[in-house]
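Hi there,

Here is the structure I promised to pass on to you. Have a look at it first, and then read my notes below.

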Amino acid sequence: MNELQPHKVKRAKEDYAGNRSVQTGFPSPATHYREPMIDLNKELSSSRDATFFVRVKGDIWKDYNILDQDVLIIDRALHPSQGKLALVVTSDGFDVQRIDTNKTVEFWGMISYIIHKAV
């Protein structure tokens with residue numbers, strides 16, 4: 001008599017080999033188009049719905065190593081912590097500031113990554 005044991009059903013692993021044809025000659029130079037794309041939300045954020053990408057214009061935040069055309073990844077799900085960079089709301093718009101827990105500011109989101117332009 002066979003007894004059934006309860007167990008968790010495992011999700012199938014992603015296998016991209018099924019999308020490729022069987023090689024019968026030189027490999028096609030276009031096979032790299034079939035590979036999955038890099039999802040920055042998946043790789044660099046803790047919460048996709050609370051993450052925003054902001055492109056910087058100008059060098060006014062050069063002191064924080066934020067340069068013209070950099071991309072800031074703002075995570076609104078993170079809590080402000082002392083000394084970390086954050087995007088705050090001011091009367092003129094937005095500003096990048098280090099969080100000082102002794103000052104009152106209108107917090108918008110934590111800067112989790114700064115992406116610099118390489119070329």
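**What I found**

Ile38, Leu40, Phe53, Tyr113 and Ile115 together make a nonpolar surface patch of about 480 Å². Patches are made of residues with over 30% relative accessible area and no salt bridge, where like charges are joined within 9 Å and nonpolar side chains (Val, Leu, Ile, Met, Phe, Trp, Tyr) within 5 Å. A salt bridge is a side-chain nitrogen of Lys or Arg within 4 Å of a carboxyl oxygen of Asp or Glu. Accessible areas come from the Shrake-Rupley method with a 1.4 Å probe, and for residues only the protein chains shown count as cover.

Before going on, please note that this is a predicted model: local features need pLDDT of at least 70, side-chain atom pairs count only at pLDDT 80 or more, and totals for chains, interfaces and linings use all residues. Residues are numbered from 1 along each chain as its sequence is written, and side-chain values use heavy atoms, with hydrogens and water left out.

The protein chain has 1 helix and 5 strands, in the order α-β-β-β-β-β along the sequence. Helices (H or I, at least four residues) and strands (E, at least two) are DSSP runs, numbered from the N terminus. Tyr113, one of the patch residues, sits in strand β5 (residues 106-115). Tyr113 counts as partly exposed because its relative accessibility is 38%; buried means under 20% relative accessible area, exposed over 50%, and partly exposed in between (1.4 Å probe, protein chains only). Of the 119 residues of the protein chain, 20% are buried.

Asn65 is partly exposed at 47% relative accessible area, and Gln69 is partly exposed at 28%.

Further along, Ser81 is in the loop between β2 (71-75) and β3 (85-90). Ser81 is partly exposed, with 30% relative accessible area.

Happy browsing, and write back with any questions!
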